[in-house]
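Here are some short notes for a colleague opening this model for the first time. Please read them with the structure in view.

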Amino acid sequence: MTQTTNIVRIATRKSALALWQAEFVKAQLEHYHPGILVELVPMSTQGDIILDTPLAKIGGKGLFVKELEQAMLEGLADMAVHSMKDMPVEFPEGLTLHTICEREDPRDAFVSNNFANIDELPQGAIVGTSSLRRQCQIRASRPDLKIHDLRGNVNTRLAKLDSGQYDAIILAAAGLIRLEMKDRIRAYIEPEVSLPANGQGAVGIECRTDDEAIKALLAPLEHSETRIRVNAERAMNRHLEGGCQVPIGAYALVNGDQVHLRGLVGAIDGSEILRDEVSGHVNDAEKLGVELAKMLLAQGADRILAEVYRDA
Ligand SMILES: NCc1[nH]cc(CCC(=O)O)c1CC(=O)O
(Lines give C-alpha, C1' and ligand atoms only; values in the text may rest on other atoms or scores of the structure.)
Protein backbone atom coordinates (compact mmCIF):
# COMPACT_ATOMS: atom_id res chain seq x y z
CA MET A 1 0.00 0.00 0.00
CA THR A 2 1.16 3.53 -0.65
CA GLN A 3 2.88 4.48 2.59
CA THR A 4 1.51 7.99 3.04
CA THR A 5 -2.16 7.06 2.83
CA ASN A 6 -4.39 4.09 3.49
CA ILE A 7 -5.87 4.21 0.03
CA VAL A 8 -5.31 1.28 -2.30
CA ARG A 9 -4.67 2.59 -5.83
CA ILE A 10 -5.56 0.56 -8.92
CA ALA A 11 -3.86 1.52 -12.18
CA THR A 12 -6.07 0.91 -15.19
CA ARG A 13 -6.42 1.82 -18.83
CA LYS A 14 -9.22 4.23 -19.68
CA SER A 15 -11.29 2.11 -22.08
CA ALA A 16 -14.79 1.20 -20.93
CA LEU A 17 -13.79 -2.45 -20.58
CA ALA A 18 -10.61 -1.70 -18.63
CA LEU A 19 -12.55 0.60 -16.30
CA TRP A 20 -15.22 -2.07 -15.83
CA GLN A 21 -12.56 -4.60 -14.87
CA ALA A 22 -10.87 -2.19 -12.45
CA GLU A 23 -14.24 -1.29 -10.89
CA PHE A 24 -14.94 -5.01 -10.55
CA VAL A 25 -11.69 -5.52 -8.63
CA LYS A 26 -12.44 -2.44 -6.49
CA ALA A 27 -15.88 -3.84 -5.64
CA GLN A 28 -14.40 -7.25 -4.82
CA LEU A 29 -11.80 -5.70 -2.52
CA GLU A 30 -14.51 -3.65 -0.79
CA HIS A 31 -16.63 -6.76 -0.43
CA TYR A 32 -13.89 -8.86 1.16
CA HIS A 33 -12.40 -6.04 3.22
CA PRO A 34 -15.20 -3.79 4.54
CA GLY A 35 -13.99 -0.24 5.23
CA ILE A 36 -11.10 -0.41 2.75
CA LEU A 37 -10.49 2.68 0.60
CA VAL A 38 -9.87 1.94 -3.07
CA GLU A 39 -9.26 4.45 -5.84
CA LEU A 40 -8.80 4.01 -9.60
CA VAL A 41 -5.85 5.61 -11.38
CA PRO A 42 -6.87 5.69 -15.06
CA MET A 43 -3.96 5.99 -17.52
CA SER A 44 -3.34 6.04 -21.26
CA THR A 45 -0.96 3.50 -22.79
CA GLN A 46 0.86 3.37 -26.13
CA GLY A 47 -1.69 0.84 -27.34
CA ASP A 48 -4.49 3.31 -26.70
CA ILE A 49 -2.70 6.22 -28.35
CA ILE A 50 -1.55 4.57 -31.60
CA LEU A 51 -4.93 3.77 -33.08
CA ASP A 52 -4.35 4.00 -36.81
CA THR A 53 -1.80 1.22 -37.24
CA PRO A 54 -2.63 -2.47 -37.15
CA LEU A 55 -1.40 -3.79 -33.81
CA ALA A 56 0.57 -6.55 -35.49
CA LYS A 57 2.68 -3.88 -37.19
CA ILE A 58 3.46 -1.79 -34.10
CA GLY A 59 4.56 -5.01 -32.42
CA GLY A 60 6.37 -4.84 -29.14
CA LYS A 61 5.07 -6.80 -26.22
CA GLY A 62 3.15 -5.08 -23.50
CA LEU A 63 1.80 -2.22 -25.56
CA PHE A 64 -1.08 -1.90 -23.12
CA VAL A 65 0.76 -2.45 -19.85
CA LYS A 66 4.07 -0.58 -19.73
CA GLU A 67 2.73 2.71 -18.31
CA LEU A 68 0.72 0.87 -15.67
CA GLU A 69 3.79 -1.10 -14.63
CA GLN A 70 5.86 2.06 -14.42
CA ALA A 71 3.24 3.61 -12.11
CA MET A 72 3.49 0.63 -9.74
CA LEU A 73 7.28 0.66 -9.75
CA GLU A 74 7.21 4.39 -8.92
CA GLY A 75 4.72 3.85 -6.11
CA LEU A 76 1.96 5.85 -7.82
CA ALA A 77 -0.27 2.76 -7.85
CA ASP A 78 -0.41 -0.45 -5.83
CA MET A 79 -1.82 -2.80 -8.41
CA ALA A 80 -2.84 -2.91 -12.05
CA VAL A 81 -5.81 -4.74 -13.51
CA HIS A 82 -5.34 -6.26 -16.96
CA SER A 83 -7.06 -8.47 -19.50
CA MET A 84 -4.85 -11.57 -19.31
CA LYS A 85 -4.99 -11.78 -23.08
CA ASP A 86 -3.06 -8.52 -23.42
CA MET A 87 -0.40 -9.43 -20.88
CA PRO A 88 3.12 -10.20 -22.05
CA VAL A 89 4.27 -13.67 -21.00
CA GLU A 90 7.13 -12.25 -18.92
CA PHE A 91 6.96 -9.70 -16.09
CA PRO A 92 9.42 -6.94 -15.31
CA GLU A 93 11.73 -7.26 -12.31
CA GLY A 94 9.88 -6.34 -9.11
CA LEU A 95 6.37 -7.05 -10.38
CA THR A 96 4.30 -10.20 -10.30
CA LEU A 97 1.00 -11.47 -11.60
CA HIS A 98 -0.34 -12.15 -8.15
CA THR A 99 -4.00 -12.83 -8.87
CA ILE A 100 -6.10 -14.33 -11.63
CA CYS A 101 -9.84 -13.82 -11.21
CA GLU A 102 -12.60 -16.14 -12.36
CA ARG A 103 -12.86 -16.35 -16.12
CA GLU A 104 -15.78 -14.97 -18.12
CA ASP A 105 -16.88 -16.77 -21.31
CA PRO A 106 -13.61 -17.24 -23.26
CA ARG A 107 -15.17 -17.64 -26.71
CA ASP A 108 -15.03 -15.30 -29.67
CA ALA A 109 -18.35 -13.76 -30.64
CA PHE A 110 -19.84 -13.10 -34.06
CA VAL A 111 -21.43 -9.64 -34.18
CA SER A 112 -23.48 -8.43 -37.13
CA ASN A 113 -26.57 -6.37 -37.85
CA ASN A 114 -27.59 -8.45 -40.86
CA PHE A 115 -26.37 -12.00 -40.46
CA ALA A 116 -26.92 -14.61 -37.76
CA ASN A 117 -23.60 -16.44 -38.01
CA ILE A 118 -20.51 -16.97 -40.16
CA ASP A 119 -22.22 -19.57 -42.34
CA GLU A 120 -24.91 -17.07 -43.34
CA LEU A 121 -22.43 -14.47 -44.59
CA PRO A 122 -22.67 -14.14 -48.39
CA GLN A 123 -19.69 -14.80 -50.65
CA GLY A 124 -17.08 -12.06 -50.33
CA ALA A 125 -18.62 -10.43 -47.25
CA ILE A 126 -16.39 -8.08 -45.22
CA VAL A 127 -15.41 -9.19 -41.72
CA GLY A 128 -13.65 -6.82 -39.33
CA THR A 129 -10.90 -8.03 -37.02
CA SER A 130 -7.29 -7.06 -36.35
CA SER A 131 -6.49 -10.30 -34.64
CA LEU A 132 -4.20 -12.55 -36.69
CA ARG A 133 -5.53 -15.49 -34.71
CA ARG A 134 -9.14 -14.75 -35.68
CA GLN A 135 -8.17 -13.86 -39.21
CA CYS A 136 -6.36 -17.12 -39.95
CA GLN A 137 -9.12 -19.28 -38.49
CA ILE A 138 -11.90 -17.45 -40.34
CA ARG A 139 -9.96 -17.63 -43.58
CA ALA A 140 -9.40 -21.35 -43.10
CA SER A 141 -13.13 -22.04 -42.87
CA ARG A 142 -14.30 -19.33 -45.31
CA PRO A 143 -11.55 -18.38 -47.79
CA ASP A 144 -14.00 -16.20 -49.76
CA LEU A 145 -14.51 -13.66 -46.95
CA LYS A 146 -12.63 -10.36 -46.98
CA ILE A 147 -10.90 -9.55 -43.71
CA HIS A 148 -10.53 -5.82 -42.99
CA ASP A 149 -8.57 -4.32 -40.14
CA LEU A 150 -10.57 -3.17 -37.11
CA ARG A 151 -8.88 -1.33 -34.27
CA GLY A 152 -10.12 0.55 -31.24
CA ASN A 153 -11.91 -0.31 -28.06
CA VAL A 154 -15.11 -2.33 -28.00
CA ASN A 155 -17.42 0.67 -28.44
CA THR A 156 -15.36 2.06 -31.33
CA ARG A 157 -15.46 -1.30 -33.07
CA LEU A 158 -19.23 -1.59 -32.68
CA ALA A 159 -19.68 1.96 -34.02
CA LYS A 160 -17.63 1.03 -37.10
CA LEU A 161 -19.84 -2.01 -37.66
CA ASP A 162 -22.98 0.10 -37.26
CA SER A 163 -21.73 2.67 -39.76
CA GLY A 164 -21.79 -0.06 -42.40
CA GLN A 165 -18.06 -0.55 -42.96
CA TYR A 166 -18.28 -4.28 -42.25
CA ASP A 167 -20.84 -7.05 -42.69
CA ALA A 168 -19.73 -8.57 -39.39
CA ILE A 169 -17.02 -8.22 -36.79
CA ILE A 170 -15.48 -10.67 -34.34
CA LEU A 171 -14.99 -9.65 -30.71
CA ALA A 172 -14.31 -11.46 -27.48
CA ALA A 173 -17.64 -12.47 -25.93
CA ALA A 174 -16.26 -11.53 -22.50
CA GLY A 175 -15.90 -7.84 -23.32
CA LEU A 176 -19.46 -7.58 -24.63
CA ILE A 177 -20.89 -9.48 -21.68
CA ARG A 178 -19.06 -7.31 -19.15
CA LEU A 179 -20.17 -4.11 -20.85
CA GLU A 180 -23.78 -5.33 -20.81
CA MET A 181 -23.91 -5.68 -24.58
CA LYS A 182 -24.54 -9.40 -24.66
CA ASP A 183 -27.49 -8.74 -26.98
CA ARG A 184 -25.02 -7.70 -29.70
CA ILE A 185 -23.71 -11.27 -29.85
CA ARG A 186 -25.42 -13.04 -32.74
CA ALA A 187 -23.47 -16.28 -32.33
CA TYR A 188 -20.80 -17.71 -30.05
CA ILE A 189 -17.98 -19.16 -32.09
CA GLU A 190 -17.04 -22.52 -30.65
CA PRO A 191 -13.36 -23.27 -29.94
CA GLU A 192 -13.42 -25.87 -32.73
CA VAL A 193 -14.01 -23.03 -35.20
CA SER A 194 -12.04 -20.26 -33.49
CA LEU A 195 -9.69 -21.37 -30.74
CA PRO A 196 -9.53 -18.47 -28.24
CA ALA A 197 -6.38 -16.57 -27.37
CA ASN A 198 -4.47 -17.54 -24.26
CA GLY A 199 -6.08 -15.90 -21.25
CA GLN A 200 -9.09 -14.57 -23.17
CA GLY A 201 -11.90 -13.66 -20.77
CA ALA A 202 -9.68 -13.72 -17.67
CA VAL A 203 -8.71 -10.68 -15.60
CA GLY A 204 -5.30 -10.59 -13.93
CA ILE A 205 -3.98 -8.38 -11.16
CA GLU A 206 -0.33 -7.36 -11.07
CA CYS A 207 1.42 -5.87 -8.05
CA ARG A 208 4.89 -5.32 -6.59
CA THR A 209 6.49 -8.65 -5.70
CA ASP A 210 7.50 -7.43 -2.23
CA ASP A 211 4.17 -5.81 -1.31
CA GLU A 212 2.91 -8.36 1.22
CA ALA A 213 0.03 -6.12 2.40
CA ILE A 214 -1.44 -5.83 -1.08
CA LYS A 215 -0.90 -9.52 -1.80
CA ALA A 216 -2.83 -10.40 1.35
CA LEU A 217 -5.71 -8.12 0.30
CA LEU A 218 -5.83 -9.81 -3.11
CA ALA A 219 -5.83 -13.40 -1.85
CA PRO A 220 -9.63 -13.89 -1.85
CA LEU A 221 -9.91 -12.78 -5.49
CA GLU A 222 -7.80 -15.65 -6.80
CA HIS A 223 -9.67 -18.35 -8.79
CA SER A 224 -7.64 -21.54 -8.83
CA GLU A 225 -9.27 -23.24 -11.81
CA THR A 226 -8.82 -20.15 -13.98
CA ARG A 227 -5.20 -19.93 -12.81
CA ILE A 228 -4.52 -23.51 -13.94
CA ARG A 229 -6.14 -22.93 -17.34
CA VAL A 230 -4.36 -19.65 -17.95
CA ASN A 231 -1.01 -21.05 -16.75
CA ALA A 232 -1.23 -23.90 -19.26
CA GLU A 233 -2.23 -21.54 -22.09
CA ARG A 234 0.43 -18.95 -21.33
CA ALA A 235 3.14 -21.59 -20.97
CA MET A 236 2.38 -22.71 -24.52
CA ASN A 237 2.60 -19.16 -25.86
CA ARG A 238 5.76 -18.48 -23.87
CA HIS A 239 7.50 -21.50 -25.32
CA LEU A 240 6.44 -20.48 -28.82
CA GLU A 241 7.73 -17.00 -28.00
CA GLY A 242 4.44 -15.58 -29.16
CA GLY A 243 3.30 -12.20 -27.96
CA CYS A 244 -0.39 -11.32 -28.13
CA GLN A 245 -0.24 -10.33 -31.82
CA VAL A 246 0.37 -13.72 -33.35
CA PRO A 247 -1.84 -16.32 -35.06
CA ILE A 248 -1.74 -18.57 -32.00
CA GLY A 249 -4.70 -19.99 -30.10
CA ALA A 250 -4.44 -21.73 -26.73
CA TYR A 251 -7.40 -22.99 -24.78
CA ALA A 252 -7.45 -25.14 -21.64
CA LEU A 253 -10.28 -26.82 -19.73
CA VAL A 254 -10.11 -28.36 -16.28
CA ASN A 255 -12.06 -31.48 -15.37
CA GLY A 256 -11.44 -32.73 -11.84
CA ASP A 257 -7.68 -33.05 -11.50
CA GLN A 258 -7.13 -33.15 -15.26
CA VAL A 259 -6.33 -30.29 -17.58
CA HIS A 260 -6.91 -30.54 -21.31
CA LEU A 261 -5.08 -28.02 -23.49
CA ARG A 262 -5.64 -27.34 -27.17
CA GLY A 263 -3.25 -25.29 -29.25
CA LEU A 264 -3.18 -23.83 -32.74
CA VAL A 265 -0.69 -22.00 -34.92
CA GLY A 266 -1.81 -20.76 -38.31
CA ALA A 267 -0.59 -18.94 -41.37
CA ILE A 268 -2.31 -15.55 -41.55
CA ASP A 269 -3.95 -16.34 -44.88
CA GLY A 270 -5.45 -19.51 -43.39
CA SER A 271 -3.64 -21.68 -45.95
CA GLU A 272 -2.13 -23.78 -43.20
CA ILE A 273 -3.28 -24.45 -39.64
CA LEU A 274 -1.49 -26.67 -37.15
CA ARG A 275 -3.46 -28.07 -34.22
CA ASP A 276 -2.63 -30.38 -31.37
CA GLU A 277 -3.74 -31.15 -27.83
CA VAL A 278 -2.47 -32.60 -24.57
CA SER A 279 -4.00 -33.77 -21.29
CA GLY A 280 -2.51 -34.32 -17.87
CA HIS A 281 -2.62 -33.53 -14.18
CA VAL A 282 -3.47 -29.98 -13.12
CA ASN A 283 -0.18 -29.82 -11.20
CA ASP A 284 1.61 -30.13 -14.53
CA ALA A 285 -0.34 -27.37 -16.29
CA GLU A 286 2.75 -25.41 -17.33
CA LYS A 287 4.69 -28.50 -18.37
CA LEU A 288 1.76 -29.48 -20.56
CA GLY A 289 1.82 -26.05 -22.18
CA VAL A 290 5.51 -26.47 -23.01
CA GLU A 291 4.90 -30.01 -24.24
CA LEU A 292 2.15 -28.82 -26.56
CA ALA A 293 4.33 -26.01 -27.87
CA LYS A 294 7.03 -28.57 -28.68
CA MET A 295 4.50 -30.74 -30.50
CA LEU A 296 3.41 -27.75 -32.58
CA LEU A 297 7.03 -26.81 -33.29
CA ALA A 298 7.68 -30.37 -34.43
CA GLN A 299 4.79 -29.94 -36.87
CA GLY A 300 6.38 -26.80 -38.32
CA ALA A 301 5.06 -23.96 -36.14
CA ASP A 302 8.49 -22.29 -36.14
CA ARG A 303 8.42 -21.98 -39.93
CA ILE A 304 4.90 -20.50 -39.91
CA LEU A 305 5.73 -18.02 -37.14
CA ALA A 306 8.96 -16.96 -38.87
CA GLU A 307 6.88 -16.11 -41.94
CA VAL A 308 4.42 -14.13 -39.82
CA TYR A 309 7.20 -12.07 -38.21
CA ARG A 310 8.88 -11.50 -41.58
CA ASP A 311 5.68 -10.22 -43.22
CA ALA A 312 4.47 -8.13 -40.27
N1 LIG B 1 -7.17 -7.15 -27.51
C2 LIG B 1 -8.14 -6.33 -26.87
C3 LIG B 1 -8.94 -7.05 -25.85
N4 LIG B 1 -8.38 -7.46 -24.70
C5 LIG B 1 -9.33 -8.14 -23.99
C6 LIG B 1 -10.51 -8.13 -24.71
C7 LIG B 1 -11.77 -8.78 -24.36
C8 LIG B 1 -11.95 -9.30 -22.98
C9 LIG B 1 -11.06 -10.41 -22.55
O10 LIG B 1 -10.49 -11.19 -23.34
O11 LIG B 1 -10.95 -10.56 -21.32
C12 LIG B 1 -10.28 -7.42 -25.90
C13 LIG B 1 -11.24 -7.12 -26.95
C14 LIG B 1 -11.50 -8.22 -27.94
O15 LIG B 1 -10.64 -9.07 -28.19
O16 LIG B 1 -12.60 -8.24 -28.49
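1. Helices here are DSSP runs of H or I with at least four residues, and strands are runs of E with at least two, numbered from the N terminus. The model is predicted: local features need pLDDT of at least 70, side-chain atom pairs count only at pLDDT 80 or more, and totals for chains, interfaces and linings use all residues. Residue numbers start from 1 along each chain as its sequence is written.

2. Helix α9 covers residues 224–240. Its 17 residues should span 24 Å at 1.5 Å a residue, and the end C-alpha atoms are 24 Å apart, which agrees. The expected span is 1.5 Å times one less than the number of residues.

3. Is α9 mostly covered or uncovered? Mostly covered: 13 of its 17 residues are buried. Buried means that 20 or more other C-beta atoms, placed from the backbone, lie within 10 Å of the residue's own.

4. Three strands form an open sheet in the order β11-β12-β13, with antiparallel pairing. Strands β11 (248–255) and β13 (273–281) are the edges; each has a single partner strand, so one side of each lacks a neighbour in the sheet. The twist averages 15 degrees from one strand to the next. Pairing requires at least two DSSP bridges between two strands.

5. Strand β12 (residues 258–266) is joined to β13 by nine bridges. Val265 has Leu274 in β13 as its bridge partner.

6. Helix α10 (residues 285–299) lies across β12 and β13, at about 150 degrees to β13. Angles run from 0 to 180 degrees between N-to-C directions, with axes fitted to C-alpha atoms, for helices over the stretch in contact.

Terms used
Buried ≥ 20, exposed ≤ 12 C-beta atoms within 10 Å, placed from the backbone. Contact = placed C-beta atoms within 7 Å.
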